[in-house]
Amino acid sequence: MAEVAFAEHEGFSLSSPGPGEWSLVVQRFQQEQGEAIVRSWVRPLGFSSFCTGVVTLSSPTPFLRDWVENNYLHRLTEIWSSLNPNVRSLILVMSDAQPQEVSSSEKVESAVESLPDQGGGLDPKLTFENFIVGKPNELAYAAARRVAEAVNIAFNPLFLYSSVGLGKTHLMHAIAWHIQKNQKRRVIYMSAEQFMYQFVRAVRYRDTMTFKDQFRSVDVLMIDDIQFICGKDSTQEEFFHTFNALVDNNRQVVVSADKSPCDLEGMEERMRSRLGWGLVADIHPTTYELRLGILQAKTQHISVKLPAKVLEFLAHTITSNVRELEGALNRIVANAQLVGREITLESAQDVLKDLLRANDRRVTIEEIQRKVADHYAIRLADIHSTRRSNHVARPRQIAMYLAKILTSASFPEIGRKFGGRDHTTVIHAVRRIDDLIGRDPVLSEDVRLLRRMLA
């Protein structure tokens with residue numbers, strides 16, 4: 001009702017939607033989505049007509065019409081209906097000007113003006129300044145900054161990969177934000193799914209030349225979650241040619257995925273090879289120190305003070321990914337603000353009961369020892385022995401490291417499971433492996449494989 005009252009105050013008639021109400025809808029939409037998205041995607045639309053509950057809007061290009069239909073039309077309809085109950089739906093049609101009257105270059109400019117807002121808009125919180133750097137992600141962070149700041153291309157493509165929720169999309173957004181703010185390079189950022197959708201639409205409407213112009217005329221192409229097009233031959237073929245055209249013309253390509261190029265099943269060999277041409281940067285699972293740093297930075301950002309014990313508890317307990325970690329923190333803060341309950345370790349555990357059950361690590365130390373021994377082709381007895389030869393000592397340290405991050409056992413408990421060793425030996429092993437993961441790619445891959453086997 002507040003929306004309707006506002007509309008009436010502005011002098012609009014609830015019975016006959018028109019250009020004036022459309023302007024109000026655009027204003028409200030801009031408050032939610034920001035000026036960049038509205039300028040690029042919504043303002044080019046025009047009010048055309050209203051009949052029996054249906055508002056018709058006109059679009060100057062098929063590309064713009066299709067993008068709005070699939071990304072913003074539903075929300076625009078909701079806003080207009082809240083302002084005027086007589087509006088039940090919105091449809092988009094082509095304007096009287098024929099599509100061919102818009103040149104390819106104008107279509108390209110229409111596409112890139114919005115960027116890097118393609119793909120539903122960039123998250124303003126995902127910047128370099130808000131990215132917490134630690135050993136697991138320092139290479140990926142440094143590479144992302146180099147791409148964002150460099151005048152000349154240092155490596156092409158930049159390929160970022162990690163498991164879910166470890167920060168690769170954050171770095172993708174940060175690159176696009178930095179370029180948008182500090183340079184005049186034209187950027188397209190979107191998910192691989194959206195790339196495929198645009199390609200399919202172009203084929204359907206026989207407008208592939210415009211599609212090629214849009215994607216091959218930019219300075220930086222950024223595609224998130226490239227694994228989505230694995231097994232989709234036609235889309236891979238188009239991306240392959242787009243990739244080659246950009247690289248051949250010294251244009252930057254940045255790609256992210258959940259696996260390294262060589263592990264992308266369903267991706268053509270020639271495409272896997274090209275994705276590995278430049279720099280491949282892995283983001284490793286977070287360490288306790290990095291998780292604690294992320295939580296501390298988050299609390300400063302939202303201006304909420306939490307007891308150190310609560311932050312340490314979260315950093316020790318929620319180890320799966322950063323998104324879940326931040327989600328746990330948000331739940332604790334929201335509960336305190338809404339219920340008025342003091343934030344303590346006990347209240348945090350109570351609020352997160354379901355999440356803690358889901359994160360209850362059931363992997364046993366004995367299972368870890370067996371998997372490590374099998375992987376390195378050593379005897380299980382060697383894991384417990386006092387032998388110090390490197391081919392036994394290193395797997396033993398890896399097993400201790402995995403026992404610490406995959407179980408809730410304390411250092412002394414782990415030491416007892418490894419032949420009665422002192423807890424300081426376990427601490428040294430965990431720190432040693434944590435350090436080597438960032439410097440030894442072979443060992444890092446071994447640890448990743450073992451974690452997957454134990455999951």
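Among contacts in the chain (heavy atoms within 4.5 Å) between residues at least 6 apart in sequence, 72% join residues at least 24 apart. This is a predicted model, in which local features need pLDDT of at least 70 and side-chain atom pairs count only at pLDDT 80 or more, while totals for chains, interfaces and linings use all residues. Residues are numbered from 1 along each chain as its sequence is written, and side-chain values use heavy atoms, with hydrogens and water left out.

Of the 455 residues in the chain, 49% are buried, where buried means under 20% relative accessible area, exposed over 50%, and partly exposed in between, with a 1.4 Å probe and protein chains only.

The chain has 23 helices and eight strands, which are DSSP runs numbered from the N terminus (helices H or I, at least four residues; strands E, at least two). Three strands form an open sheet with mixed pairing in the order β1-β2-β3, and two strands pair if DSSP finds at least two bridges between them. The edge strands, each pairing on one side only, are β1 (46-51) and β3 (89-94). Strand β2 (residues 54-59) pairs with β1 in the antiparallel sense over five bridges, and here T56 in β2 stands opposite S49.
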